[in-house]
Amino acid sequence: MSFSEKILNWYVQNKRQLPWRNTTDPYKIWLSEIMLQQTRVAQGIPYYEKFVKKYPTVQDMAVASEQEILKLWQGLGYYSRARNMHHTARKVTEEMDGKFPQTYEGLIKLKGVGDYTASAIASISFGQLEPVVDGNVYRVLARYFGVDTPINSGPGIKYFKNLARELMPDENIRDYNQGLMEFGAIQCAPKKPYCLHCPLNDSCVALQKNLIASLPAKLKNNSIKKRYFNYLVPLDPKSNTRLHKREGKGIWQNLYEFPLIESPKELNINELKELMPKEAPFADLTEVIAFNADNIVHKLSHQHLYTRFWICRTSSEIADGITPAELEDYPVPVLIADFIKTLKISYF
DNA sequence: AAATCGGGGTA
DNA sequence: TACCCAGATTT
């Protein structure tokens with residue numbers, strides 16, 4: 001039995017029932033693929049359900065505001081995905097008659113759609129013979145064929161894509177591609193794969209050479225930067241406050257947060273007061289107190305955010321302030337959402 | 001080619 | 001703690 005036949009047989013026996021498995025609607029396949037980029041299926045499912053319900057078609061997504069999209073995306077991370085997705089929804093609706101391109105070449109031109117996603121939509125939605133190579137596929141192929149070329153190197157990316165193309169069957173590409181990824185996720189798992197009853201265990205190079213734990217090979221970059229965030233949380237007599245939109249480059253673009261002072265090191269209250277703006281809403285402070293005694297460490301992939309929230313009470317009303325209820329309307333990072341939750345329990 | 005972009009699950 | 005997740009984009 002060929003490699004692809006074994007994968008297809010395994011898939012028939014082991015496939016999960018997932019919400020995007022019973023459609024070939026390119027909008028829904030596209031939506032699911034964008035959401036699942038660097039994201040576990042289990043984490044993506046509730047978001048997929050929310051989005052399909054609120055935006056049943058690409059036109060529905062196109063007419064929504066970016067802020068609305070980001071709010072629904074809140075907590076899923078990698079927010080550029082949401083911004084690019086929204087941009088593409090408008091592009092498809094306004095310039096492509098609401099129809100997604102039906103080929104890899106057309107799909108990959110869309111913002112937020114790279115090699116993997118273009119291949120996935122082309123094959124799963126349109127049945128085009130294109131191989132998908134995601135993290136799961138890298139792992140399965142590296143182990144089964146005993147390839148130690150780093151999967152995140154230029155040569156590795158090219159090698160595994162070519163290998164995947166040679167292996168794919170000339171029919172059932174929809175099930176084969178999804179089956180190969182599913183096989184990697186469930187059977188050939190990163191840690192403790194189930195080699196004992198694996199349909200490929202009679203011919204897996206990594207298993208024979210005891211290389212399961214060391215494959216796939218990956219070049220790693222270990223630079224984690226520390227940053228110190230001081231959030232100033234203005235609170236007027238009505239418990240109104242203020243949020244700012246994060247602009248420019250960097251994390252959390254177009255999400256909202258409290259006024260922020262970033263410093264090269266941790267600040268005590270006196271150092272903080274020196275740096276605080278004197279204009280509204282901080283013109284007439286009655287009290288500044290640290291909400292959290294110890295830093296909250298919010299960990300992202302490449303940076304750790306040492307964060308303190310400072311409650312800044314003012315005697316006069318904040319102009320254009322945000323009420324506690326209105327705080328819920330803004331897309332915010334999880335760090336801010338968690339703080340707001342605690343603030344509401346202890347202050348409002 | 002290397003860095004950046006989130007948040008959560010798993011051992 | 002370290003690694004990984006149905007990767008893409010920017011530098």
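I started with the atoms of DNA strand B within 4 Å of the protein: 54% belong to sugar or phosphate, and the rest to bases. This is a predicted model, in which local features need pLDDT of at least 70, side-chain atom pairs count only at pLDDT 80 or more, and totals for chains, interfaces and linings use all residues. Residues are numbered from 1 along each chain as its sequence is written, chains are lettered from A and ligands numbered from 1 in the order written, and side-chain values use heavy atoms, without hydrogens and water.

**DNA surface.** I found 25 residues around DNA strand B, each with a heavy atom within 4 Å of the strand. Lys225, Ile251, His298, Ser301 and Gln303 are the closest.

I then checked polar contacts (pairs of N or O atoms within 3.5 Å). His298 places a polar side-chain atom 2.7 Å from a phosphate oxygen of DNA strand B. Val334 uses a polar backbone atom, 3.2 Å from a phosphate oxygen.

**Cavities.** I looked for points on a 1 Å grid over the protein atoms alone where a 1.4 Å probe fits but cannot get out; lining residues have an atom within 4 Å of a point. Two cavities of 30 Å³ or more came up. Strand E1 gives the most to its lining, with three residues.

Methods. Polar contact = N/O pair within 3.5 Å; in protein donor to acceptor, adjacent residues only side chain to side chain. 1 Å grid on protein atoms, 1.4 Å probe; cavity = no way out; pocket = protein on both sides within 12 Å on 5 of 7 lines; lining within 4 Å. Points joined across faces, edges and corners; volume = space filled by probe spheres on them. Helix = DSSP H or I, 4+ residues; strand = E, 2+ residues; numbered from the N terminus.
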